[in-house]
Amino acid sequence: MVNAGPVPPASPANGFSLLIAALLAGDHAAALAETRQLRALGVPPEQIVTAGLEVAMGRLDEKCTVEQFNLLEIMLVGRAVSVVVHELYPEGIQPEKGRATFVIATLEGDVHDLGKNIVRTVLLGKGFRVVDLGRDCPVDALAAAAEREQARAVLVSGLISTVVPQVRRVRAALRARGLDHVAVVAGGAALKQLAPADLDVDYVAETAFDGARYLENLLAAEEAAA
Ligand code: B12
């Protein structure tokens with residue numbers, strides 16, 4: 001019989017290693033257990049996302065390139081990520097009139113949506129109303145939804161570099177509908193390497209939480225000025 005040795009004491013550092021290993025194995029039950037353990041140790045949800053989920057997904061890089069690609073493995077990891085996000089931020093009922101309305105999407109040509117879903121969940125948790133247009137969304141559909149929903153901002157998530165030209169079209173599509181006042185916020189691995197001026201957006205967020213803080217500050221500044 002193999003002696004596995006003493007069980008290491010529960011610590012956040014050990015918990016993060018175990019969570020990352022469980023996520024990369026696509027083991028959603030173990031990922032959920034490690035998440036609960038980290039929460040019990042007092043680790044905040046934000047840190048579990050940035051130091052756990054994002055790190056694990058970063059390590060998936062070599063399995064998801066144009067040349068090499070293991071769909072089943074990546075989908076299992078994706079499911080484990082979604083289970084953890086749901087545990088951290090159980091989605092309540094969408095407020096009919098939240099603090100403000102945001103429209104969010106991944107644009108046409110990009111099917112990545114895990115990051116977008118985290119942003120949606122975090123904003124819902126803060127009491128905002130979020131209209132999610134899903135992935136592979138045409139720019140004009142995004143602008144039309146911003147008009148229909150009286151959105152204060154549109155949020156675009158971009159993971160592949162080929163989607164950058166679509167992001168650059170968002171502002172003009174809003175302007176064509178007289179929506180110059182609608183803020184445009186971008187995020188996701190492919191977009192956060194670029195400056196707001198390169199994308200013609202108001203802000204490029206490093207993380208979902210960074211984006212949420214930007215939006216909260218924007219609204220607070222407006223309320224103070226009113
Ligand atoms: C999982 C994954 C997939 C999954 C997606 C599953 C899903 N439902 O999303 C699947 C298997 C479908 C997939 C497909 C492909 N993928 Co892929 N994928 C990834 C991988 C490994 C992880 C992405 C991820 O989910 N990250 C985790 C999330 C939580 O992080 P995030 O999105 O950055 O979000 C965080 C922040 O950025 C922020 N955020 C994100 N969006 C926004 C928006 C706003 C407004 C705000 C405020 C914040 C914000 O909030 C989140 C939390 O903080 C990446 C590698 C990587 N390191 O990114 C490659 C990667 C993105 N894929 C890549 C490629 C090439 C592909 C394919 C073309 C592969 C192929 N051969 O077909 C296809 C693309 C098809 C298409 N047309 O879109 C490349 C893109 C390269 C490039 N620069 O263009 C990458 C970088 C891998 C690589 N190193 O080559 N992929």
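Q: Which residues does Gln 166 touch, not counting residues up to four places away in sequence?
A: In this predicted model, Gln 166 touches Leu 107, Glu 108, Gly 109 and Val 139, when residues up to four places away in sequence are not counted.

Q: And where is Gln 166 found?
A: Gln 166 is found in helix α7, which covers residues 164–168.

Q: Is Gln 166 buried or exposed?
A: Gln 166 is buried, because 20 other C-beta atoms lie within 10 Å, and a residue counts as buried at 20 or more.

Q: How many residues apart in sequence are Gln 166 and Leu 18?
A: They are 148 residues apart in sequence, and their C-alpha atoms are 38 Å apart in space.

Q: Let us change topic. Which domains is the protein divided into?
A: The protein is divided into domain 1, residues 12–88, and domain 2, residues 101–225. The contact takes six residues from domain 1 and seven residues from domain 2.

Q: Which helices each supply at least two residues of the side of domain 1 that touches domain 2?
A: Those are α3 and α4. By class, that side of domain 1 has three nonpolar, two polar and one charged residues.

Q: How far apart are the centres of the two domains?
A: Taken over C-alpha atoms, the centres of domain 1 and domain 2 are separated by 25 Å.

Q: Now the ligand. Where does it lie, and why?
A: The ligand lies between domain 1 and domain 2, because both give residues to the shell around it.

Q: How many residues surround the ligand, and which are the closest?
A: There are 40 residues around the ligand, and the closest are Gly 115, Ser 157, Gly 187, Ala 205 and Gly 211. By class, the shell divides into 23 nonpolar, twelve polar and five charged residues.

Q: Which helices and strands each supply at least two residues of that shell?
A: The helices are α3 (45–59), α4 (71–88), α5 (114–125) and α10 (208–225), and the strands are β3 (153–157) and β4 (183–187).

Q: What about α5: how many of its residues are buried?
A: Ten of the twelve residues of α5 are buried, so this helix is largely enclosed by the rest of the structure. Among the buried residues are Gly 115, Lys 116, Asn 117 and Arg 120. From its first C-alpha to its last, α5 reaches 17 Å, close to the 16 Å expected at 1.5 Å a residue.

Q: What comes just after α5?
A: Just after α5 there is Gly 127, which takes a positive phi of about 90 degrees.

Q: And α10: which of its residues are buried?
A: Ala 208, Gly 211, Ala 212 and Leu 215 are buried in α10. They cover an arc of only 100 degrees around the axis, which puts them on the same side of α10.

Q: What covers the buried residues of α10?
A: The cover includes α3, α5, β3 and β4.

Q: Which exposed residues are on the face turned away from the buried side of α10?
A: That face carries the exposed residues Asn 217, Ala 220, Ala 221, Ala 224 and Ala 225.

Q: One last topic. What is the phi of Gln 150, and where is Gln 150 found?
A: The phi of Gln 150 is near 50 degrees, a positive value in a residue other than glycine. Gln 150 is found in the loop between α6 (139–148) and β3. Gln 150 counts as exposed, because it has 12 C-beta neighbours inside 10 Å.

Key
Residues are numbered from 1 along each chain as its sequence is written. This is a predicted model: local features need pLDDT of at least 70, side-chain atom pairs count only at pLDDT 80 or more; totals for chains, interfaces and linings use all residues. A residue is near a molecule or strand if its C-beta atom, placed from the backbone, lies within 6 Å of it. Helices (H or I, at least four residues) and strands (E, at least two) are DSSP runs, numbered from the N terminus. Ala, Val, Leu, Ile, Met, Phe, Trp, Tyr, Cys and Pro count as nonpolar, Asp, Glu, Lys and Arg as charged, and the others, Gly among them, as polar. Domain bounds come from an automatic or database domain assignment. The arc is that of the directions from the helix axis to the C-beta atoms. Two residues are in contact if their C-beta atoms, placed from the backbone, lie within 7 Å. The expected span of a helix is 1.5 Å times one less than its number of residues.
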